[in-house]
Amino acid sequence: NWERWSSLLEKITELPEITVSDLRFISKLQSKAWRTLSSREVEINDIYDREKEMLKTVIYDGDKLYDIFGSCVTLAEIVTAVSIGKTESMRDVVKGVGEIFMHHKTPSKREIDQFILDLERLCQEKRIQRLPWQLIDLMMPVLRHSTNDIAENLYSLLKGIRQSKVLSSTNRENIFIKRCEEIEVYSTKFLVDDGDDGYTICNESEYKWIYRFRHPATAKCTQPGDCGFILKAMYESFVGYKLELVKDCEYYVDTGVHYHDVISARDMCWYIVATLTLQDGTKLDTVEWGWGWWEKWLPAD
């Protein structure tokens, strides 16, 4: 504690005489202080390294996204979140934008144009995962069919992202991989006390989402089974999904696939395609964000 240390030194300097024993005492205190600081620095670095390693495997974290964008009410606040490194994915940005259009004041055209310019500047300064065209193209038809007055504003924003080479990536730049199998690791239900309102039944589960994919760097692989990767999908009520790319070979036992460490979670953009049935019977594919975002924009069954 710096205040205690300063107070002790002041008392020592006020002594009429400083003995050899006093000097030895000060020396011991200094040594102990440096050892404490050094051990804490090592501990902090270990925590930082673990968090940094986790960032390499985490593809999506619904709870973290809520912490980042849950308090954002303007596009400028989203830009700030990106600038200070809270997210490195345009997918996360678009989800945050959706929350603003759903629950807060609709951004004006001027705000949208400035938003695109600010994001383009940030994407040139730091590496931010671009948004695939396919994902944008799954959202825009919903807005085209919408009779909501503000749908045009969100459509304009998505169009601006699609037209930007630094914010979006073309279909030729991406490889689309569909999940081929799901294995349940565990699934449980539990009750949460809501106070006077009674109890809520909540779910907690973990699944192995299996993908078969031969990376160009592993074209000559001779290992048994298929090349691919597994996403650990953890779901919990009130939190949502958390997806991690699994690198531990033990997790792949009896799945029929094996992992090569040439795939990065940072290069993955995960989303679910949902099919909507409009009131006139028209079928429309769109992105399932997990919060039924289309319900604001058009009536569907």
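**Burial, Charge and Contact**

Biologist: Which is Lys 109, buried or exposed?

Modeller: Lys 109 is exposed, because its relative accessible area is 56%. Exposed means over 50% relative accessible area, buried means under 20%, and partly exposed lies in between (1.4 Å probe, protein chains only). This is a predicted model, in which local features need pLDDT of at least 70 and side-chain atom pairs count only at pLDDT 80 or more, while totals for chains, interfaces and linings use all residues. Residues are numbered from 1 along each chain as its sequence is written, and side-chain values use heavy atoms, with hydrogens and water left out.

Biologist: What does Lys 109 form a salt bridge with?

Modeller: The partner is Asp 113, and the closest N and O atoms are 3.0 Å apart. A salt bridge is a side-chain nitrogen of Lys or Arg within 4 Å of a carboxyl oxygen of Asp or Glu. Asp 113 is partly exposed, at a relative accessible area of 35%.

Biologist: Where do Lys 109 and Asp 113 lie?

Modeller: Both belong to helix H6 (residues 109-125), where they are four residues apart, about one turn of the helix. Helices (H or I, at least four residues) and strands (E, at least two) are DSSP runs, numbered from the N terminus. An α-helix has 3.6 residues a turn, so residues three or four places apart point the same way.

Biologist: How many salt bridges does a search of the whole structure find?

Modeller: The search finds 11. One of them joins Glu 152 to Arg 144, with the closest N and O atoms 2.5 Å apart. Glu 152 is partly exposed at 44%, and Arg 144 is partly exposed at 48%. In another, the side chains of Lys 247 and Asp 261 meet at 3.6 Å, N to O. Lys 247 lies in the loop between E7 and E8 and Asp 261 in the loop between E8 and E9, so this pair ties together parts that are 14 residues apart in sequence. Asp 261 is exposed, with a relative accessible area of 58%, whereas Lys 247 counts as partly exposed at 32%.

Biologist: What lies 2.9 Å from a polar atom of the Lys 208 side chain, then?

Modeller: The backbone oxygen of Tyr 251 does. Lys 208 itself sits in strand E5 (residues 199-212). Beyond neighbours within four places in sequence, its contacts (heavy atoms within 4.5 Å) include Glu 181, Ile 230, Leu 231 and Tyr 251.

Biologist: Leu 231 is in that list. Which residues of the largest nonpolar core touch the most other members?

Modeller: Among the 60 residues of that core, they are Val 97, Phe 115, Ile 161, Phe 229, Leu 231 and Leu 245. A nonpolar core is a set of buried Ala, Val, Leu, Ile, Met, Phe, Trp, Tyr and Cys residues joined through side-chain atoms within 4.5 Å. In soluble globular proteins, nonpolar side chains tend to be buried together.

Biologist: Let us change topic. Which residues of H7 are buried?

Modeller: They are Leu 135, Ile 136, Leu 138, Met 139, Met 140, Val 142 and Leu 143. The elements covering them include helix H5 (90-103), E2 and helix H8 (151-163). Helix H7 (residues 133-145) has 13 residues.

Biologist: Where is Pro 132 placed?

Modeller: Pro 132 is in strand E2 (residues 131-132) and counts as buried because its relative accessibility is 6%. Leaving out residues up to four places away in sequence, Pro 132 touches Ser 169, Asn 174 and Cys 269. Ser 169 lies in strand E3 and is likewise buried, at 5% relative accessibility.

Biologist: Finally, what is the phi of Asp 254?

Modeller: Asp 254 has a positive phi of about 65°, although it is not a glycine. Most residues other than glycine have a negative phi. Asp 254 is placed in the loop between strand E7 (240-245) and strand E8 (257-258), and it is exposed, with a relative accessible area of 77%.

Conventions. Polar contact = N/O pair within 3.5 Å; in protein donor to acceptor, adjacent residues only side chain to side chain. Expected span 1.5 Å × (residues − 1).
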